[in-house]
Amino acid sequence: MKNLILLLSLIFITSCSSSDENTQGIFHSPSWIQGSWKDNTTGAILTFTKNDIKYNSDGNTYSFSKNQIRISSNQIIPQQIAKTDNLYIVDFGQGLEGSLIRFNFFRKTDNTIESKGHLPGNYTKL
């Protein structure tokens with residue numbers, strides 16, 4: 001058992017290099033989704049930048065970049081799941097035992113997207 005733990009620790013340590021530390025938690029939203037989008041039902045605004053998703057509802061703005069959101073004093077780390085011409089899926093989580101927030105956006109037209117994950121709804125580009 002000790003050998004297994006030692007082996008797993010060794011694999012983990014060697015798989016993390018200094019270049020990994022600089023890019024961990026960075027995501028790049030596709031150009032087609034960048035900009036501001038308004039929820040057709042609630043009026044809330046989603047704003048996508050190259051490296052962030054911001055949500056504005058009732059005058060409160062929430063940023064999902066890795067340096068802004070914290071749950072239980074732990075940073076949330078973004079991970080891109082899919083990025084195509086019509087689909088963008090990104091997870092924000094705390095690792096193996098933490099909470100997970102999944103955004104799942106589908107481009108219906110150039111001016112409309114549908115969110116099927118966190119913050120569901122139909123959004124129109126502003």
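These legends accompany several close-up views of one predicted model. Residues are numbered from 1 along each chain as its sequence is written, and side-chain values use heavy atoms, with hydrogens and water left out. Because this is a predicted model, local features need pLDDT of at least 70 and side-chain atom pairs count only at pLDDT 80 or more, while totals for chains, interfaces and linings use all residues.

Figure 1. Helices (H or I, at least four residues) and strands (E, at least two) are DSSP runs, numbered from the N terminus. Of the 126 residues, 29% are buried; buried means under 20% relative accessible area, exposed over 50%, and partly exposed in between (1.4 Å probe, protein chains only).

**Figure 2. The largest nonpolar core holds 18 residues.** A nonpolar core is a set of buried Ala, Val, Leu, Ile, Met, Phe, Trp, Tyr and Cys residues joined through side-chain atoms within 4.5 Å. The members that touch the most others are Ile 33, Leu 46, Phe 48, Ile 53, Phe 103, Phe 105 and Ile 113. At least two core residues come from each of β2 (45-49), β3 (52-57), β8 (87-93) and β9 (100-109).

**Figure 3. Phe 48 and its contacts.** Contact means heavy atoms within 4.5 Å. Leaving aside neighbours within four places in sequence, the partners of Phe 48 include Ile 33, Trp 37, Ile 53, Phe 105 and Ile 113. Ser 29 is another residue in contact with Phe 48.

**Figure 4. Ser 29 sits in the loop between α2 (18-23) and β1 (35-39).** Is Ser 29 buried or exposed? Ser 29 counts as buried because its relative accessible area is 4%. The side chain of Ser 29 reaches the backbone oxygen of Thr 49 at 2.5 Å. Beyond neighbours within four places in sequence, Ser 29 is in contact with residues including Gln 34, Lys 50, Gln 80 and Tyr 88.

**Figure 5. Asp 58 and Leu 119 each have a positive phi.** Most residues other than glycine have a negative phi. Asp 58 has a phi of about 55°, and this residue lies in the loop between β3 and β4 (60-63). For Leu 119, phi is near 60°, and its place is in the loop between β10 (112-115) and β11 (121-125). Asp 58 is exposed, at 76% relative accessibility, whereas Leu 119 is buried, at 16%.

Definitions and conventions: Polar contact = N/O pair within 3.5 Å; in protein donor to acceptor, adjacent residues only side chain to side chain.
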